[in-house]
Amino acid sequence: MSDKRLIYLDNNATTPTDPRVVDAMLPFFHNVPGNAASRNHPFGWAAEEAVDYARDQISKLLDVDSREIIFTSGATESDNLAIKGVFEMYAKKGNHIITLKTEHKAVLDSCKKVEKMGGEVTYLDVDDKGLVNLADLEAAIKPSTIMISIMWANNETGVIQPMKEIGEMCAKHGVLFMSDATQAVGKIKTHPKELGIHLMAFTSHKMYGPKGVGALFVNRKNPRVKVTSQMDGGGHERGMRSGTLNVPGIVGFGAAAEIARKEMDADAARLSVLRDKLENAFKENLEEVYVNGDVNNRMPHVCNISFKHVEGEGLMMTFNQEVGVSSGSACTSASLEPSYVLIAYGLGDDLAHSSIRFSLGRFTTEQDIDETIEMVSKGVNHMRDLSPIWEMYKEGVDLESVVWQEH
Ligand SMILES: *Cc1c(COP(=O)(O)O)cnc(C)c1O
């Protein structure tokens, strides 16, 4: 990277590690070398004590018992452990899982694996705002249903699902409620027990902690939930996840949780003002912009927006030397596929292809936002100036009725 000032607005992909977190971690690389599972010398005890402390910091953030936190390598592993682990553990009760089409790939691909292992998975649609339809959800429950897995907040749009209502439904029907809460933990209040969530996956590197460490909350009482381990070895983490604990990473994760608990309300309030400034400026400066997802049930730091008739990847190239964001298209081998999340919201290919996700974070400044507004608006105007489709649109041609020549 050059030494030019860069603006980072891709905090949903990963957050920078908070310098206070780094400070907390440093001693655990060298001065405290112990393995938390070494029970017979002070090095091991110090490591174990540090892990216990971090576990407490994380359980305080979630308002759960520290014995309900299982450390993993990240949310991908936590999702795998929750879904495959429940599928295997509850095989006698049933084999059916319900989830959404807009879940993260870690959930969707774990569900696909469950199908290969003989399970049955229902992938529900969402409405045009990205929300689950509760009547559809209830109708999908059957006697063989063991679990509903619905993410708290969507990574692409920030849309927040009706967690309380889903929790009540799960309790009523006696099915487990699992949530991938990776994008919500540390940003908004996430107390699983209040909402009847039995399993909850999250990760350190989306909340200003280090990469490569995550956790799964597993409810211990009423009901006592168990998952079959997916990683076998020394029986760490109450037998649910073997492997030497990443002590420095866990210490950082704990520090990040404590900072989040104290500062997330202030961060959220500040970021929602900046996010709204960004969004409103685009709406005022430019024509044909569409915000994706339910603006009334949305994370405070995320803006997913489509600039109609502008190809998102091309638009990004006009400013990606200065601003880091994410487009609504994923590069899969040769072709650019539009986001499956936005397609599930009912966006046409054109709007899905023209979407950009701006995700702000703790270190985003007002100057970052002002400069981004300027650069992106300029980029959109530039792209539209070059676009024959935009010209046709401005001339009043009904683009829907145009019959395009096949090549
Ligand atoms: C980032 C993310 C994950 C994966 O987390 P890792 O710790 O990188 O494995 C899973 N689910 C959601 C919703 C995410 O945003």
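Keep in mind that the model is predicted. Elsewhere, four strands form an open sheet in the order S9-S10-S15-S12.

**Around the ligand**

- Gln 183 has a polar side-chain atom sitting 2.7 Å from an oxygen atom of the ligand.
- Thr 203 also has a side-chain N or O atom 2.7 Å from an oxygen atom of the ligand.
- For Lys 206, the distance from a side-chain N or O atom to a ligand oxygen atom is 2.7 Å.

**The four-stranded sheet**

- The pairing in this open sheet is antiparallel, and the strand order is S9-S10-S15-S12.
- S9 (289-291) and S12 are the edge strands, and each of them pairs on one side only.
- Strands of a sheet pair through backbone hydrogen bonds, and they can do this in a parallel or an antiparallel way.
- Going along the sheet, S9 and S10 are antiparallel and share three bridges; here Tyr 290 has Ser 306 in S10 as its bridge partner.
- Next, S10 (residues 302-307) is joined to S15 by five bridges, again antiparallel.
- Ser 306 turns up again in this pairing, with Ser 355 as its bridge partner in S15.
- Finally, S12 (residues 326-327) pairs with S15 over two bridges in the antiparallel sense, and Ser 326 stands opposite Arg 357.

**A closer look at strand S15**

- Is S15 mostly buried or exposed? Five of the five residues in S15 (residues 355-359) are buried, so the rest of the structure largely encloses this strand.
- In a regular strand, side chains alternate between the two faces of the sheet.
- On one side of S15 you'll find Ser 355, Arg 357 and Ser 359, while Ile 356 and Phe 358 are on the other.
- Both faces are covered, with the residues on each side all buried.

- Ser 327 belongs to strand S12.
- Why does Ser 327 count as buried? Its relative accessibility is 14%, and the label applies because buried means under 20%.
- Leaving out residues up to four places away in sequence, Ser 327 touches Glu 313, Met 316, Ser 355 and Ile 356.
- With Glu 313, there is a polar contact of 2.5 Å between the two side chains.
- Ser 327 and Gly 314 are 13 residues apart in sequence, and their C-alpha atoms are 9.7 Å apart in space.

**Helix H9**

- Helix H9 covers residues 312-319, and its buried residues are Gly 312, Gly 314, Leu 315, Met 316 and Phe 319.

- As background, most peptide bonds are trans, and most residues other than glycine have a negative phi.
- Between Asn 222 and Pro 223, the peptide bond is cis, with omega near 0°; Pro 223 is found in the loop between strand S8 (214-218) and helix H8 (247-285).
- Arg 238 isn't a glycine, yet it has a positive phi of about 55°.
- Arg 238 lies in the loop between S8 and H8, and with 42% relative accessibility it counts as partly exposed.
- Asp 63 isn't a glycine either, and its phi is positive at about 55°; its place is in the loop between helix H3 (42-62) and strand S2 (69-72).

How values were computed
Residues numbered from 1 in each chain as written. Predicted model: local features only at pLDDT ≥ 70, side-chain atom pairs only at ≥ 80, totals over all residues. Heavy atoms only, no water. Polar contact = N/O pair within 3.5 Å; in protein donor to acceptor, adjacent residues only side chain to side chain. Buried < 20%, exposed > 50% of the residue type's maximum accessible area, 1.4 Å probe, protein only. Pairing = 2+ DSSP bridges. Contact = heavy atoms within 4.5 Å.
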